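Take a moment to look over the sequence and the 3D view. The paragraphs below then walk through a few parts of the structure.

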Amino acid sequence: MAKDIDMGKYTKMFISEARENLRAMNDSMIELERDPTNKVHVDQIFRSCHTIKGMANMMNMKAVSDLAHALEDLLAAVREGKLAPTGTVAEAIFKGFDSLDAMVLAMEGSQQVQENQPLVEELRSIIAGVAAPEPPKKEKEKEKARPARAAPKRGDTCVNVKFSRKCALPSARAMVIIKELSKAANVMQTTPSDDEIEREQVFEEFSVLLEPGARFQEALKRIVAMTDVEDVAYGLTNEPKEKWQRLAKQEPAVGHVVTEIPLTQTVRVGMDKLDDLLDNVGELVIGRSRLLEKASARDDYDLQEISMLIDKLTSDIQSKVLGIRMIPLDMVMSRFPRMVRDIAKAENKEVELVVEGGSIELDRTVVDRITDPMMHLLRNCVDHGIESVEERERAGKKPKGLIRIVASKQQDHVLIEVSDDGKGIDLDAIRAIAVSRKAMTQEQADEALARDLIDLLFRPGFSTKTEVSEVSGRGVGLDVVKHAVEELGGSVMVNTTKGHGTTFSLWLPFTLAIIEAMLIGIADQTYAVPMSTIVESHRFDTEEIKTIRSREVVQLRGEVLPLIRMRDFFGVERMPERPSFNALVVQSRERRAAIEVDELVGHQQIVVKSLDQRLRRVKGISGGTILGSGKIALILDVDSILGG
Amino acid sequence: MTDLDSKQYVVFKLGKEQYGFDVSIVREIDNMEEIAKVHRSASYIEGVINMRGKLLTVVNLRKRFDMEPLPPGAATQRIVVVDAPDAPVGFIVDEVVEVARIGKESIEKAPAYVTSGIEAQYVTGIAKHEDKLITLIDPLKVLELSVDSEAGPGGR
């Protein structure tokens, strides 16, 4: 009874812990499949499975614990060497993981968790195939080994509570205690009885006869912590009272009472709280700029010293908060080997996935949002990139295809490369389709460079038809990948060699929240240009402007750069002609240009704020920030400026 | 619309005419402040302002209704901030007149010759209030029905 009280937060905890364990299990299982004799992996899976079972028991999630139990038995057989973790056994174990995952998902969606009896039977029959079903004794041993089950099972449990003499209203206190106990146990009888308590009898001690439930120990701890309660003891009615467990007031954690797993020193915090914190830090960073500005303008040594201190502390806090939001890429990448394995199996291909650089940490938001694009790319690699075994042998390649994910740090970006050694993209096939779709004329297509042709693949709609994916081996929803990456302020590049494979390079920022930027002025407004896009700033003489096919260009150390006048771009009146002008040389995805600005204001860290969705598609800006003065600076979107 | 007999409206001026927003979706009324102009956005979007650390999109109702822009520096101008489903949006008005309680019986449907086409969808009624005629509009509809023009490079 009373199991459903305030389970919400425990459910959440269960879900996240179960997920973590499932992730670890999947990882280890893939390793195990590769190296079937390695006991370390079996142990790891077994432990995780056991944890899930234990938690599910506490939550009264029979469907989950039954399945976990069956898996555990199967794993025990594997550990003892009775079963090899390959073929159907491995498949069954994976199926078990998936089913557990589905159950967790159902719990998350507050849906009815369905028992998976057929799978439990299947697992059992596999075990039965090798040996007689495990003796029940084994399970008992396990039960005993777990400290969480310290409460005895046979006989009736009795809890004895002694009030302090100061206790003013023992009856009220007793009612509270009974209520507390009934949350965690099945209360059968109390002495004095309910009626007597209600009649406000004066008593110093009372006892409760009950069947303890899962959270019994915690309830006891709460009771012993109450004021007016002097002493709590519990034990079996058929045992002498001296043997009973006593919970002393001062040390509520005596003896076996500790039910928690040895605690790691961590706290779970919701992302929304971190977001709020980051907002505050953003404001703090702005405040600091103002403080520094004012302090440096005054001849006050003390003030300057304080502002230096605040400056340093602010930087520390900022980097720590950003650090907290960082999670390793492994959090998503560890799912990939399993996924690739499944797709390859389904298509009768042999594929090996190698992941490098999984320890690189990125902002949680970035990691979250690249998961889907990466899965997309991988699916593409297996689906269309890697050839069938026969095809590969015919081409003189190893039968097993290789997909590599390599993540590396590159200055202020992270580069994730997804490459395969498959058949590559057939550019001629794209040419043919481009012409048939009237995206290009025949001449254009013939002259088109690889880059332009590949760009077509990223266009929405161009690649959705199966003919492309069949012929060229690429293109299902690449526009989705591009869109997601660009929304994060990153970019995608593709390199392909026919017959040898394809590499997708994703350039991503570490974090979205705070960036280095150059402040510039255009037509009485201040704008911020992300430093990551700036190559250099330069003052050109107006005479240096040349035209090529009526488009303005300038030259810098021999390089010809298109000149984009920002006032023209924004549709505001040009500045009166001057002998020279300020420009920034900017770059995005290999393209460079000089952009003319009115003035260069300075370099600063800015907190990126998003724009209303009504303004998100506006060309030339990607967001905004609030400056120390309280004024807004819009952030220039260099990519869209270069693109047109 | 509730079944109550009367509702409160924020009544404001655009030119000579008076308009009203249902007070229940008005979050606040701010003084006019410096607007960061967003070039190449839809023409009726004036730009963004700093609303306590967040960027608030501001719509110029005069432009939206194809009226002549007000000469800059009019001291009575206000920004009426309305709760839209995704994020609040500000509307620039010439002057906020009052918050008026208007009985249901004094609101009529807009006659077809006054409003036509799209307009008919965001004009929710014409109210007679103390000898004045107030055009009641649904600001959310105004935004919704403007979505189509958002991608166009305005400002040229």
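What follows starts with chain A as a whole, moves to some of its elements, and ends with a hairpin in chain B.

Keep in mind that this is a predicted model. Chain A has 644 residues, and 45% of them are buried. Its secondary structure comprises 22 helices and 23 strands. Consider the contacts in chain A between residues with a separation of 6 or more. Of these, 68% link residues 24 or more positions apart.

Now go to one helix. Helix H11 of chain A covers residues 301-324, and A:Ser307 lies in it. Is A:Ser307 buried or exposed? A:Ser307 counts as buried because its relative accessibility is 3%, and the cut-off for buried is under 20%. Which residues does A:Ser307 touch, leaving aside those up to four places away in sequence? They are A:Leu291, A:Leu292 and A:Ala295.

Next, find strand S20 of chain A, residues 591-597. Five of its seven residues are buried, so S20(A) is largely enclosed by the rest of the structure. Two pairings of this strand can be traced here. Strand S18 of chain A, residues 559-565, runs parallel to S20(A), and three bridges join them. Here A:Leu563 stands opposite A:Ala594 of S20(A). Strand S19 of chain A, residues 580-588, pairs with S20(A) in the antiparallel sense. That pairing extends over seven bridges. In it, A:Ala583 stands opposite A:Glu596 of S20(A). In a regular strand, side chains alternate between the two faces of the sheet.

Turn to chain B and its strand S5, residues 45-51. How many of its seven residues are buried? The count is seven of seven, and the strand is mostly covered. Strand S4 of chain B is formed by residues 36-37 and runs antiparallel to S5(B), with two bridges between them. B:Lys37 has B:Gly47 of S5(B) as its bridge partner.

S5(B) also pairs with strand S6 of chain B, residues 54-60. These strands run antiparallel and are joined by six bridges. Across this pairing, B:Val48 stands opposite B:Thr57 of S6(B). S5(B) and S6(B) form a hairpin, with two residues between the strands. Look there for B:Arg52, which takes a positive phi near 45°.

Conventions. Residues are numbered from 1 along each chain as its sequence is written. Chains are lettered from A and ligands numbered from 1 in the order in which they are written. This is a predicted model: local features need pLDDT of at least 70, side-chain atom pairs count only at pLDDT 80 or more; totals for chains, interfaces and linings use all residues. Side-chain values use heavy atoms; hydrogens and water are left out. Helices (H or I, at least four residues) and strands (E, at least two) are DSSP runs, numbered from the N terminus. Buried means under 20% relative accessible area, exposed over 50%, partly exposed in between (1.4 Å probe, protein chains only). Contact means heavy atoms within 4.5 Å. Two strands pair if DSSP finds at least two bridges between them.
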